[in-house]
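This briefing goes through one protein model, topic by topic. Look at the sequence and the structure first, then read the points below.

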Amino acid sequence: MKRRVFSLLLTLGLLCSLLPAVSAEDEEAVSSFTALCVAKPGQSVFLDEKEFQLLCRQATGHDLESVAFSSLSAGVGKLTCRGEGVTAADAYYMYRSPAISDVCFTPYAYSSASRFVGQAEMAFTMTSDKEETVSGTLILYVPETPTQAEEPSLMDKALTVKAGKPVDLFDHLPSTVRYKKGTTIYIGEAITSATFQLPSSSQGSLWLDYDHPEIARKLLPDEVLFPDKAPNYYNLTFVPTSREETEVRLVHTISSEKKDFNVCLTLNFKEDKEPVRPGPDIPPAGIVSPVIHFQDMAGWEWAVPAAEFLGKSGYFSNETAFDPGGEAKRMDLIHALALTTYSNFRRNMFPTPAFSDLPDDPELVQSVAALADRGLVLGNGEGLFLPDEHITRQDALVILYRAMADRSKLLPLYGDLSAFSDAGDVAPYAQEAVTLLAARGIVLGDGTGNLDPLSPITRAEMACLLYRAFG
């Protein structure tokens, strides 16, 4: 986590230094943003409209309306939309036809002598829904045939991951090299840099800082990554283009002080067979309750796995009653979050927060201290923690959102609350948290199309949120 936070700060500083200054005399000056499309020779690949949407939001803070492209250089390939050539006079839209998602790049590959390999650039102009314009550069990249090591590397790895879901590579990239020389295996040389061979856009994309939409971007061709500075090797996420992808091989070259190594990380995408959990007010038919130690869960069977998740963490481990229908207090949520997600941090000694109303129980104070030290618990701004105050659904989601970001849990770049009839009741400070947690499937509503953001959250609902996020 320290590496991730350090890299984030460096990346923010780097981006700020790269952005051109806008003077008072040049108010129309805009920053240049880069989009990426990767194809194999002769392969048709659609542009990523979500990337343009993200770039527009980063530049203007508003949604994308349309994109216009300049002419493509001769000998590179063709840009088409539903079979028609794309010209500089056309605009392509985010939410209506002709759509950005229908724009397709096909590099030339008539023969080995005339095929296009390498990268070309073309300018584009984005227009936001507030009629702001932003210029950018689209990189069209056709890599050479990926090279492999003569024999498998000792650092090669295969993962089974959920179909259609982003894959955070943080825990799956080595920090030291491991190789074999004769019969001896060498371990321990520090990695100094890494360079990835980009997968085709038809498979997916490698993103840097994917869980931070304000700076997220795609990895560029031949970009060198580092373990201890930006752009950071450990901040990579692979985002598949569709659920149909079954296997993606991420070939990369790792460099140490003495040697370079070709390494392959293979992602095997499998369908997630686990059914989507219903909302709190829709118990699934025919659910069989497992053996539990909480004896007051009759009628709350849908929350049994979540309650057991908390119970196994030590939350109310010496009691038999969970009180699922009771309203959760702020202390309930903080203690449950600390036990289930920050148990390692609670073993450390953190300074006691400067709240004048902390509970008398030292274990509860330890939970508050661990989360306050990480900026998850802020109090009411007047020196009070309010441990016994009932917590609303939206406030619980704000704290959960902070915890997921802090623990590097992947969240979508975008979200939409239009499916909920009371989305307008969500307070401005909670909009981002509620939107992205809903998009992630962590908050499901009450089963009647409502979020009920201002309602007190029950202990069963609190348990389900924690279980979906960290279980």
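In this predicted model, R393 and E461 join their side chains in a salt bridge, with 3.3 Å from N to O. The bridge connects distant parts of the chain, since R393 belongs to helix 7 (residues 393-406) and E461 to helix 9 (residues 459-470), 68 residues apart. R393 and E461 are both buried.

**Other salt bridges**

- In the whole structure, the search finds 9 salt bridges.
- D48 and K218 form a salt bridge in which the closest N and O atoms are 3.2 Å apart.
- This pair also links distant parts of the chain: D48 sits in the loop between strand 2 (45-46) and helix 2 (49-60), K218 lies in strand 15 (residues 217-218), and 170 residues separate them.
- Is K218 buried or exposed? K218 has a relative accessibility of 5%, and because buried means under 20%, K218 counts as buried.
- D48 has a relative accessibility of 23% and therefore counts as partly exposed, a class that lies between the 20% and 50% limits.
- D48 and K218 belong to a network of salt bridges that also includes E51.
- Another salt bridge brings together the side chains of D63 and R57, at 2.7 Å from N to O.
- D63 is partly exposed, at 26% relative accessible area, and R57 is partly exposed as well, at 30%.

**Cysteines**

- How many disulfides does the count give? The count comes to 0 disulfides.
- C104 takes part in no disulfide, and its nearest cysteine sulfur, which belongs to C37, is 7.8 Å away.
- That distance can be set against the cut-off, because a disulfide needs two cysteine sulfur atoms within 2.5 Å.
- C104 counts as buried, at 8% relative accessibility.
- C56 is also buried, and its relative accessible area is 1%.

**Helix 4 against helix 6**

- The axes of helix 4 (residues 330-341) and helix 6 (residues 362-373) come within 9 Å of each other and cross at roughly 75°.
- Helix 4 is therefore roughly perpendicular to helix 6, a label that covers angles from 65 to 115 degrees.
- Which residues make the contact? On helix 4 they are M331, I334, H335, L337, A338 and L339, and on helix 6 they are E363, L364, S367, V368 and L371.
- Sorted by class, the contact of helix 4 with helix 6 has 8 nonpolar, 2 polar and 1 charged residues.

**Helix 3**

- Why is helix 3 (residues 304-312) described as largely enclosed by the rest of the structure? The reason is that 7 of its 9 residues are buried.
- The buried residues of helix 3 are V304, A306, A307, E308, F309, L310 and G311.
- These buried residues pack against helix 4 and helix 9.
- Helix 4 is the helix whose axis crosses that of helix 6, and helix 9 is the helix that holds E461.
- G314 follows helix 3 and has a positive phi, near 105°.

Key
Residues numbered from 1 in each chain as written. Predicted model: local features only at pLDDT ≥ 70, side-chain atom pairs only at ≥ 80, totals over all residues. Heavy atoms only, no water. Buried < 20%, exposed > 50% of the residue type's maximum accessible area, 1.4 Å probe, protein only. Salt bridge = Lys/Arg side-chain N within 4 Å of Asp/Glu carboxyl O. Helix = DSSP H or I, 4+ residues; strand = E, 2+ residues; numbered from the N terminus. Axes fitted to C-alpha atoms, helices over the stretch in contact; angles between N-to-C directions. Parallel < 35°, antiparallel > 145°, perpendicular 65-115°, else oblique. Contact = heavy atoms within 4.5 Å. Nonpolar A, V, L, I, M, F, W, Y, C, P; charged D, E, K, R; others polar.
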